[in-house]
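Please keep the sequence and the coordinates at hand while reading.

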Amino acid sequence: MTGQPIQSPDDAQFEPSAAERRVVVANQWQLIWWKFRKHRLAMLAGLVTLFLYAVALLAEFFAPYSSGTYSAAHTHMPPPQIHLFQHADAGPRFYPHVKGFKVQVDPDSYKRTYVVDETVAYPIGLFVRGEEYELWGLFTLDLHLIGAAEYGDPVYLLGTDRLGRDVLSRTIYGTRVSMSVGLVGVGLSLLLGVILGGISGYYGGLIDNLIQRAIEILRSLPTIPLWMGLSAAIPLTWPPVRVYFAITVLLSLIGWTALAREVRGRFLSLKTEDFVIAARLDGVRELQIILRHMAPSMTSHIIASVTLAIPGMILAETALSFLGIGLRPPVVSWGVLLQEAQNVRSIATAPWLLFPGIAVVTAVLAMNFLGDGLRDAADPYQA
Amino acid sequence: MIWYIARRIVYLIPTLLIVSMIAFLVIQLPPGDFLASLISKAEETIDQAQVDALRERYGLDEPIYVQYWKWISGIVTRGDFGDSFEWNRPVSDLIWERLGLTMVISLFTLAFVWIVSIPIGIYSAVKKYTIGDYVVTVIGFIGLAIPNFLLALVLMYIAFRYFGQSVGGLFSPDYIDAPWSLDRVLDLLSHLWLPVIILGTAGTAALIRVMRANLLDELSKLYVDAARARGLSELKLLFKYPVRVALNPLVSALAWVFPALVSGSAITSIVLNLQTTGPLLYRSLQAQDMYLAGSLILLVSVLTIIGTLVSDILLAWLDPRIQLQ
Amino acid sequence: MPDDNDTLLDVRDLKTHFFTDEGVVKAVDGVNLSLKRGQTLCVVGESGCGKSVTARSILRIVPAPGRIVSGEISFRGRHGDRIDLARMNPRGRDIRNIRGREISMIFQEPMSSLSPVHTIGSQLMEAILLHLPVSKGEARKRAVSLLDLVGIPRASEQLDAYSFELSGGMRQRAMIAIALACEPQLLIADEPTTALDVTTQANILDLIRELQEDSGMSVLFITHDLSVVAEIADEVVVMYLGRDVESGDVDTIFHNPKHPYTRALLQSIPRYDSLAGERLYSLKGTVPHPFSRPAGCPFHPRCDDVIAGQCNTNDPQRYSISAGHSVRCLLYAAEENRSVVDTPA
């Protein structure tokens, strides 16, 4: 699509309009972008996804506290209501704050409950000074996106868990692990999927048959029991980083099949395309054909499939960690956080512990919509 | 057709072989042999003769393939899955009822998924780009995005908070250990709805999308116009041709919906405390009771493989083109 | 003419537009044609000129988002009553009683116009049972004789065959059998031979002609292939960009074409007596994009005889050259005694 259309002089009146010409000379990626842009929901989902990855990268800045900060005096504290205005004598004035809590102990059951203490107001704000942290091990900062305006005030916007740790901060830190497990896992799956799917689709015959059988077998297995069995074998003594990689390897070992199928399908249909046959007849080497001629028209589809594969990984990691056989504390992932909410009793006392679940649903929804939009846009030459 | 079924069954053999190897691998994975951990856990000393007998039975001093052979041949010829060390009983005593209940839940869920998703999928495709279609699509996406166990937790919380009842389990307390009777079956049925809805949500959402996409493809096919040009009414036309053709990929979707259901039921069962294989597997893994865990993984896998086989045969029967390939 | 008893179908100024998100596509924008009993009318034109949409408009099976915006499709029913198909509810019972009973249609691709999961017999018997008061057994018998009629060997066996078990030619024969199931008065054939190889094409054309002779039905034949037109047409309508540009009987169109477009089409057929090395005439330019219809005569940008200042502004009407021969071209407007054929309302 890069060459100008050949025109004879008397074709002058068929000169394409400016808009048409723009379409004619645009490259594949521009066309994909234009098509994608029309898909509003996918655009929104793309922004949400970008935001989540930004949060993952800059968790220290987004979170009011560090993931381990705890306050023994504020365990299982409910999320406070946020007030934007304070009623003063001169009328309401803009003063974002939360009310404090008092602890009341039930004389019969000795159950502790929090009651709003109208007399105490803690101001909150954006870009506040708080705990010091090292960003990426490079800079030492104490700036936080949101939090108590005065360092030290007990402001926990989404409540605290059973050790008095800030649920919001921990969910933000969890973004880092949960979102990256998806990426790393899909990266490994992609490697396996592209290599095996490519071989399968390109060479066909016996190899194809074998790989297809293997994929069928893997797909007919119940993945979660299998994951449970395999991840239970990860020794408890392993350091968190190694457990993290072991889990992602496990996830991708079973998760590569869908990608491999996609790649194989593309290869099979591209193999018979005229431009590939033409390249082969011109004596272009196999590797050249794959890299120069076939890969570019597959990339967009692969990106779409990858986007659609990440949510599955996120869900799998969440499920395993939730059961306590995936990632383990002190690693903070959404699944690990949801472990706190494993039974009805703990949810009944502190329903806000389910908040990381909302993060999971948001991330999965966003990436599904994004992937869907990308898949629609992946073939810009199709109507 | 018979040849087709025969061929599919022959294909099954390598699959089963590989599955059994994976299950055996799970048994072997934990470090050290299990006898050592058994001895260390035992409260009273186990006498040497007993240890030697176990060693002999599982072939622990022999190479790994001999161990595998002893294990698998015991299962195939005698139905002997080994012993559960935690329960101190043969594995086969523990699993069959739970496997049966897993099967019951999965089949009920499957029926639920189909009954709900097909009409909604048809509606969504026929009324493409209407408000109803958008609502269905968005709900479908959300259904796909909520992990089963989270849905289970939320529903349990709602039931607890607003209806004041605890909804876990598959049986009322009176019936948990009761022998099978009509009352127990009815009691089971009255508890089934919650797990079925929870397990079915993701599958329903997925199948609605599959059904919608397939039907949209079929609706624009020429044979639909041809039938319309014959004078068939719109409704009859819809159900006799495009819906009928669009159902075929849905049957083949069984091949992945069923494993997903069995798989998803593992976690949901743990949360809802259902007497299926999931919680047993979970407990056995935590206790490193590996013969029980391996057997469960093996049997659950075999179950899904058989499910896949059934869906393939069903598809071949529904779609005459398949047998030809 | 509409009152002429011999005229089975009379289409007047038919307009079928597609209302897409990007804009309105005027696929058919003023088509006139008329077909007499027992005759064959060929509609010719390049791909995208609106031939198929015209055919589908008659049966009211235009796919969404298309719909008939104006015009008249006057059809003489079995009992001599005249009905305007354009006014019927496309999902209603009235039009369904016409479809398959009075007017049948066969399509371009026999491979996809039969259901992949139903037998030939099931679709054939469906057509019979829909319109004729017969039992299932009688319908089956009739189905076998129909398959026999269209030249499918071992008819009673093939009744239970699936479409993928038949060759392309056999599938089209089966489609014809379905179309003829209730002895319709009109058969619409939408490029029925385009997807077939040359020998099969000839067989199918022969079959249609034979069946027409036996039953006396009329045929509306849509094609882009002028050699097919020469073989089977009584009357011809040439279409360009959703308009009829010239219509007349087959001899007039082939030997005395008036419209520059018709002439160009005829010049682009290779002839056996042409000189070796002689270049075949080819029409300049391409069919414009449906959103950018040229003003004036839609053909003027590609026309060799374009009259500057006229053709690009004035929309030509249908000018009568002789009885039954009309042409939409300003070249013939100036000549005296040219009467305008039925000015569109």
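## Basis of the model

The model is predicted, so that local features need pLDDT of at least 70 and side-chain atom pairs count only at pLDDT 80 or more, while totals for chains, interfaces and linings use all residues. Residues are numbered from 1 along each chain as its sequence is written, and chains are lettered from A and ligands numbered from 1 in the order in which they are written.

## Chain C as a whole

The secondary structure of chain C comes to 10 helices and 12 strands, where helices (H or I, at least four residues) and strands (E, at least two) are DSSP runs numbered from the N terminus. The radius of gyration of chain C, taken over C-alpha atoms, is 21 Å, close to the 20 Å that the globule rule gives for 345 residues, so the chain is as compact as a globular protein of that length; the rule itself is 2.2 Å times the number of residues to the power 0.38. Along its principal axes, the C-alpha trace of chain C spans about 70 × 50 × 40 Å.

Of the 345 residues of chain C, 46% count as buried, a term that requires 20 or more other C-beta atoms within 10 Å of the residue's own, with C-beta atoms placed from the backbone (12 or fewer make a residue exposed, and values in between partly exposed). Among the contacts in chain C between residues at least 6 apart in sequence, 60% join residues at least 24 apart, a contact being a pair of residues whose C-beta atoms, placed from the backbone, lie within 7 Å.

## Strand pairing in chain C

Strand β9(C), residues 235-240, runs antiparallel to β10(C) and is joined to it by 6 bridges; two strands pair if DSSP finds at least two bridges between them. These strands form a hairpin with 2 residues between them, and Leu241(C) in the turn has a positive phi of about 45 degrees. Strand β10(C) also pairs in the antiparallel sense with β12(C), residues 325-327, over 2 bridges, and there Ser247(C) has Ser326(C) as its bridge partner. Because 6 of the 7 residues of β10(C), which covers residues 243-249, are buried, this strand is largely enclosed by the rest of the structure.

Strand β1(C), residues 7-20, pairs with β2(C), residues 23-36, in the antiparallel sense over 10 bridges, and a hairpin of 2 residues joins them. Within this pairing, the bridge partner of Leu9(C) in β2(C) is Leu35(C). Strand β1(C) also pairs with β4(C), residues 66-76, again in the antiparallel sense, over 8 bridges, with Val11(C) standing opposite Ile73(C).

## Domains of chain C

The domain assignment of chain C, with bounds from an automatic or database source, gives domain 1 (1-102 + 185-273) and domain 2 (103-183). Their C-alpha centres lie 23 Å apart, and 24 residues of domain 1 are in contact with 22 residues of domain 2. On the domain 1 side, the elements that give two or more residues are α1 (51-59), β7 (186-190) and α7 (198-215) of chain C, with α7(C) giving the most, 6 residues. By class, that side has 14 nonpolar, 5 polar and 5 charged residues, where Ala, Val, Leu, Ile, Met, Phe, Trp, Tyr, Cys and Pro count as nonpolar, Asp, Glu, Lys and Arg as charged, and the others, Gly among them, as polar.

Chain B has 14 helices and 2 strands, and its C-alpha trace spans about 85 × 55 × 35 Å along the principal axes. Of its 325 residues, 41% count as buried. In α1(B), the buried residues include Thr15(B), Val19(B) and Phe24(B), and what covers the buried residues of this helix includes α6 and α7 of chain A together with α4 and α13 of chain B.

Across the interface, 42 residues of chain B are in contact with 34 residues of chain A. The elements of chain B that give two or more residues to this side include α1 (2-28), α11 (242-272) and α13 (290-318), and the largest share, 9 residues, comes from α11(B). The residues on this side of chain B divide into 34 nonpolar, 7 polar and 1 charged.

Technical notes. Contact = placed C-beta atoms within 7 Å.
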